[in-house]
Amino acid sequence: MIAVLVIVGLLVLTFNVELETVRTMAARLPGWLAFVLLTVLPLVGFPVSVLHVVAGLRFGIPLGLALVWSSILLQLLASHGLVHWRRDFFERHFKRVRDQVPAGAHLPVTVFTMLVPGVPYVAKNYTVPLLGVPLRLFLSVGLPMHAARSALAVLLGAQSHELTPGRVLMIVAYGVSILGVSWWVLRRLQAKLGVRPPKGNGPRRRA
């Protein structure tokens with residue numbers, strides 16, 4: 001996901017595909033409304049990386065990161081609360097993702113869910129509470145992991161108007177580092193939980 005974001009983002013920036021239009025629209029959007037959309041839209045499945053890039057465009061790096069990370073915290077809190085309020089609804093809609101998560105202690109299972117490839121942001125956030133993970137652990141794992149990934153999109157958006165070769169290299173290096181660490185941790189968790197790397201069918205359902 002990170003590698004795809006970097007490649008697509010750099011292509012967009014290189015060829016100026018409607019970038020100025022996006023920047024102008026973002027600038028015209030009231031700050032409070034931008035934050036509300038940044039927080040609410042991912043809860044219903046809107047691609048979160050796109051919103052994080054726009055946050056970088058609209059607010060720059062320091063404020064953009066602060067608002068994005070605040071929105072992630074609110075999304076985790078809301079996801080946990082919504083699952084406990086309407087558990088049957090989320091059980092039906094996210095059964096496929098839950099079936100990919102193996103049995104295990106809450107900590108490794110939470111990290112595994114956050115790292116498993118091909119699962120959208122919104123599905124990860126609703127699946128972890130379905131596994132019975134306490135809110136404190138959910139926040140302590142989910143917030144830093146999502147924050148580390150979101151920083152790449154915010155950086156990409158904030159630097160879009162003045163991408164020098166050095167800045168491009170920095171963004172790519174950061175993305176590759178996050179991707180490499182995620183892959184390494186996921187492989188170790190797969191070994192610990194007795195899960196084979198997915199090749200079309202996910203691991204057996206958690207007991």
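How are helices α5 and α9 oriented to each other? In this predicted model, the axes of helix α5 (residues 61–85) and helix α9 (residues 121–130) come within 9 Å and cross at roughly 50°. Angles from 65 to 115 degrees count as roughly perpendicular and those under 35 degrees as roughly parallel, and α5 and α9 are therefore oblique to each other. The crossing in which α5 passes α9 is right-handed. On the side of α5, the contact is formed by I72, Q75, L76, S79, H80, L82, V83 and H84, while α9 contributes Y121, N125, Y126, P129 and L130. Sorted by class, the residues of this contact of α5 with α9 comprise 8 nonpolar and 5 polar residues, with no charged residue among them.

The contact of α8 with α10 contains 8 nonpolar, 4 polar and 1 charged residues.

The buried residues of α8 are P108, V109, T110, V111, F112, T113, M114 and L115. H106, which is also found in helix α8, is partly exposed, with a relative accessible area of 29%, a value that lies between the limits of under 20% for buried and over 50% for exposed. The C-alpha atom of H106 is separated by 9.1 Å from that of V128, although the two residues are 22 residues apart along the chain.

For the chain as a whole, the secondary structure comprises 11 helices and 0 strands. Of the 207 residues in the chain, 44% are buried. Among the contacts with a separation of 6 or more, 77% are accounted for by residues 24 or more positions apart. The chain exposes about 11,200 Å², of which carbon and sulfur atoms supply 68%.

How values were computed: Residues numbered from 1 in each chain as written. Predicted model: local features only at pLDDT ≥ 70, side-chain atom pairs only at ≥ 80, totals over all residues. Heavy atoms only, no water. Nonpolar A, V, L, I, M, F, W, Y, C, P; charged D, E, K, R; others polar. Helix = DSSP H or I, 4+ residues; strand = E, 2+ residues; numbered from the N terminus. Buried < 20%, exposed > 50% of the residue type's maximum accessible area, 1.4 Å probe, protein only. Axes fitted to C-alpha atoms, helices over the stretch in contact; angles between N-to-C directions. Parallel < 35°, antiparallel > 145°, perpendicular 65-115°, else oblique. Left-handed = near helix turned anticlockwise from the far one by under 90°. Contact = heavy atoms within 4.5 Å. Areas by Shrake-Rupley, 256 points an atom, 1.4 Å probe, with all protein chains shown as cover.
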